[in-house]
Amino acid sequence: MSVGDIEGIETDVLVLGGGAAGHAAALTASDRGVRVMQLAKGAATTAISTGFLTFPVAGRFGRGELRKALTEVTGKGLCDLALLDRFLEEGPKEISAVIERCNILVDDAPRGLRARRAVGRRGRDLVGEDYSVKGIRDMTSVVMEFSATHGTSLFTGLLKAVTAAPIERVRGEALRILPEGPTVAAIIDGRPVSITAGAIVLATGGVQGLYEFTDNPPGIVGDGQALALEAGAVLIDMEFIQFYPLALAEEGLPAIFIYPDFPPGGRIVNGSGEDLLQKHFDGAQTLGDFDNWDHLSVAMQREIMAGQTVHVDFSATDPKAWDEGSLTKLYLEKYIGNFRERLVRVAPIAHYTIGGVRTNVECETAVPGLYAIGEVAGGMHGANRHGGAALAEAVTFGCIAGRNAASRAQNRGSLTRPSIDFELSKYGRQFDVGAAMSVLRNRSQLSLGPLRDKHSLAAMGESLVEWREEAEEFGWNDLAGGTRIAGYKRSLKLADVMRQFMMRRTESRGVHNRKDFPKSDDRWLKKQSMTLNCDGIATFDDLPV
């Protein structure tokens with residue numbers, strides 16, 4: 001199909017993504033009088049988040065204290081200091097403005113603010129949109145069906161403001177980003193379109209959908225990172241994926257995030273009955289005494305790699321001590337029932353992507369006119385992310401990108417629309433993309449998970465080569481089939497990019513843990529970045545911090 005057969009759309013600012021970052025960018029750009037289109041693929045993780053807006057609240061914390069905590073304690077020396085300083089400087093103002101603009105109710109929290117949870121309300125009723133995915137029982141659809149989190153309130157406030165603004169919101173999927181324009185090739189309502197804009201803001205989230213266990217929607221598979229890389233952008237810090245240790249891993253049940261809102265007495269044990277806190281850590285007796293979730297994820301992964309199962313034992317918790325508003329109690333009673341009388345199987349879940357597309361403090365990427373914000377962008381957090389900082393970062397840089405994108409659109413000349421071809425059909429053998437993605441997710445969980453080593457990473461590389469060669473033989477009969485296979489190929493490519501980042505860093509730092517290199521090495525006090533050369537081959541650079 002040639003460009004003449006494709007509907008061409010023009011707008012001033014195109015925002016890809018419908019979470020906190022995308023909404024903040026769309027609102028800010030629209031408030032500056034430009035035409036804004038927002039293209040979203042599906043559910044947003046903001047809707048089920050914990051709702052914390054950590055740190056950048058005016059007058060609450062000393063700037064030097066925050067900077068030291070985030071760079072040394074959490075980021076392990078790898079934070080992009082320019083991005084971090086911009087966050088700390090602009091965050092209080094931007095967040096306060098969004099809270100007021102969107103009428104979001106917040107309460108004081110130990111390290112900042114937290115959106116006020118609508119207890120007893122369904123997330124779907126608050127949002128007013130269908131966030132279920134047919135045939136998939138992921139955490140987003142589960143939560144939205146019968147409950148709501150603090151993040152639901154934040155998301156609802158943003159969504160209502162976006163809906164009331166003159167922003168064109170469409171459901172669809174971006175397939176390519178072309179620097180000319182810039183332009184996005186996309187599918188909207190089953191038809192191919194090209195969207196040329198004065199500026200494009202990428203806010204598509206992380207890569208957690210590439211893992212078997214995640215609290216993110218399954219469609220969050222790093223589309224933005226892969227598309228930006230193919231367009232000429234730089235990826236950075238992609239070895240750093242944050243895992244949360246306690247997620248339901250029961251056969252036939254969704255991988256529900258078990259919130260740490262349970263009373264004292266919970267224990268974590270392996271299939272042989274060994275207490276993992278006593279086995280792997282000194283001092284901690286119960287889950288209530290333990291607060292390093294990253295280390296617990298690694299310990300659990302060691303057990304799983306050794307062939308063990310891992311379980312939470314809630315039998316010693318006092319039934320009367322459980323808060324009636326406890327999300328953990330709500331979920332487990334619904335799906336297990338007698339969860340205090342039996343072991344609850346759990347596994348670490350992919351929770352947050354720390355690396356991503358490299359940007360400067362204005363959210364600009366290496367591709368002119370392409371901005372990246374939120375979880376699709378990388379560099380600021382370094383080797384780990386402090387809990388609660390994600391939403392604050394998303395809102396802060398969403399506002400910055402929205403302003404910059406609007407300014408670029410207002411000052412641009414005429415738009416150039418490139419030629420785009422869509423391959424409607426291809427002869428080849430039929431292929432079950434869903435089954436293949438399940439295999440990829442299972443292997444990613446084991447090889448690219450909380451604990452890695454040279455052997456598992458090399459074996460994963462061999463499998464990825466085999467799968468990518470096999471994918472070239474697949475055929476399709478319509479645009480929908482071609483889109484699914486193209487998405488699968490992108491997932492394979494991005495999984496290999498992550499694997500190479502993980503293989504090159506021969507140390508353990510932050511959330512990157514190597515079984516064969518268990519200690520940090522000062523020679524690795526540097527960041528990794530990667531681009532594709534003209535032949536599509538990955539080229540790495542080591543960047544000083």
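Student: In this predicted model, in which sense do S1 and strand S2 pair, parallel or antiparallel?
Tutor: S2 covers residues 36-40. Four bridges link S1 to S2. Within this pairing, Leu14 sits opposite Met37 of S2. The sense of the S1 and S2 pairing is parallel.

Student: What is the handedness of the β-α-β crossover from S1 to S2?
Tutor: The chain leaves S1 and passes through helix H1, residues 20-30. From H1 the chain goes on to S2. This crossover is right-handed.

Student: Which residue in S8 is the bridge partner of Gly8?
Tutor: S1 also pairs with strand S8, residues 191-202. That pairing is parallel and has nine bridges. The partner of Gly8 in S8 is Ser194.

Student: How many of the 10 residues of S1 are buried?
Tutor: S1 spans residues 7-16. Buried means under 20% relative accessible area. By that cut-off S1 is mostly covered, and its buried residues number seven.

Student: Now S12. Which residues point the other way from Val310 and Val312?
Tutor: S12 spans residues 310-313. In a regular strand, side chains alternate between the two sheet faces. Val310 and Val312 share one direction, and all four residues are buried. Pointing the other way are His311 and Asp313.

Student: Which residue in S12 is the bridge partner of Ile268?
Tutor: Strand S11, residues 267-270, pairs with S12. The two are antiparallel, with four bridges. Ile268 has as its partner Val312.

Student: And which residue in S13 is the bridge partner of Val310?
Tutor: S13 covers residues 344-353. S12 and S13 run antiparallel, joined by three bridges. The partner of Val310 in S13 is Val346.

Note on methods. Residues numbered from 1 in each chain as written. Predicted model: local features only at pLDDT ≥ 70, side-chain atom pairs only at ≥ 80, totals over all residues. Heavy atoms only, no water. Buried < 20%, exposed > 50% of the residue type's maximum accessible area, 1.4 Å probe, protein only. Pairing = 2+ DSSP bridges. Right-handed = clockwise from strand over helix to strand, strands pointing away.
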